[in-house]
Amino acid sequence: MRSALTRGLGLGVLVVIADQATKLWALSALFDPPRRVPILPFLDFVPVWNRGVSFGLLANDSPWGPWLLSGFALLVCLFMGAWLMRATSWPLIFGLGAVIGGAVGNVIDRVLYGAVVDFIDVHYGGWHWPAFNIADSAITLGVGLLLLDAFGIGTRKGETEGGHGNDG
């Protein structure tokens with residue numbers, strides 16, 4: 001469905017623009033010189049270079065790491081783009097668009113800097129969630145929408161993804 005592809009990729013483009021704009025701000029305001037900016041009692045902006053994937057997993061200093069992670073992310077984006085072309089429900093369309101946009105935003109960082117720019121720090125007491133960015137947030141929200149679609153929330157009654165009935 002062409003409108004699904006247009007809507008999903010449109011959201012993806014908006015995510016990339018917002019992500020890259022906020023990262024450019026963070027690079028100038030937080031990274032040089034490095035500093036923490038308190039926003040709320042539970043929220044700070046901090047400079048973090050993430051050389052891994054979500055929450056720093058698979059982090060390494062290999063020169064191939066960013067390229068391998070980027071290649072894998074782009075391969076997943078191609079798969080999701082093909083899925084998006086068949087999408088019919090709004091949670092699936094916008095979920096795929098958000099994940100694609102977030103993945104592309106982080107790939108841009110890996111290509112430009114060899115690591116992802118993270119800067120949002122949510123904390124409570126001595127507990128800190130791993131630093132993240134707008135792309136990570138879009139991926140998380142997108143996966144949430146994919147789960148809503150998987151459970152039939154946001155689809156027309158009696159339909160699941162692809163327009164097939166629940167009866168089999």
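This is a predicted model: local features need pLDDT of at least 70, side-chain atom pairs count only at pLDDT 80 or more; totals for chains, interfaces and linings use all residues.

Me: How many residues of strand β3 are buried?

Reply: A residue counts as buried when its relative accessible area is under 20%. Strand β3 spans residues 116-124 and is mostly covered, and of its 9 residues the number that are buried is 7.

Me: Which residue takes a positive phi in the hairpin of β3 and β4?

Reply: Strand β4 (residues 127-128) runs antiparallel to β3 and is joined to it by 2 bridges; in one of the pairings, Tyr124 has Trp127 of β4 as its partner. The hairpin leaves 2 residues between the strands, and the residue there with a positive phi near 60° is Gly125.

Me: Is Gly154 buried or exposed, or does it count as something in between?

Reply: Gly154 lies in the segment that follows α4 (134-150). Buried requires a relative accessible area under 20% and exposed one over 50%. Because the relative accessibility of Gly154 is 31%, this residue counts as partly exposed.

Me: What is the distance in space, C-alpha to C-alpha, between Gly154 and Trp90?

Reply: Leaving aside neighbours within four places in sequence, Gly154 is in contact with Ser89, Trp90 and Pro91. Although 64 residues separate Gly154 from Trp90 in sequence, their C-alpha to C-alpha distance in space is 6.6 Å.

Conventions. Residues are numbered from 1 along each chain as its sequence is written. Side-chain values use heavy atoms; hydrogens and water are left out. Helices (H or I, at least four residues) and strands (E, at least two) are DSSP runs, numbered from the N terminus. Buried means under 20% relative accessible area, exposed over 50%, partly exposed in between (1.4 Å probe, protein chains only). Contact means heavy atoms within 4.5 Å. Two strands pair if DSSP finds at least two bridges between them.
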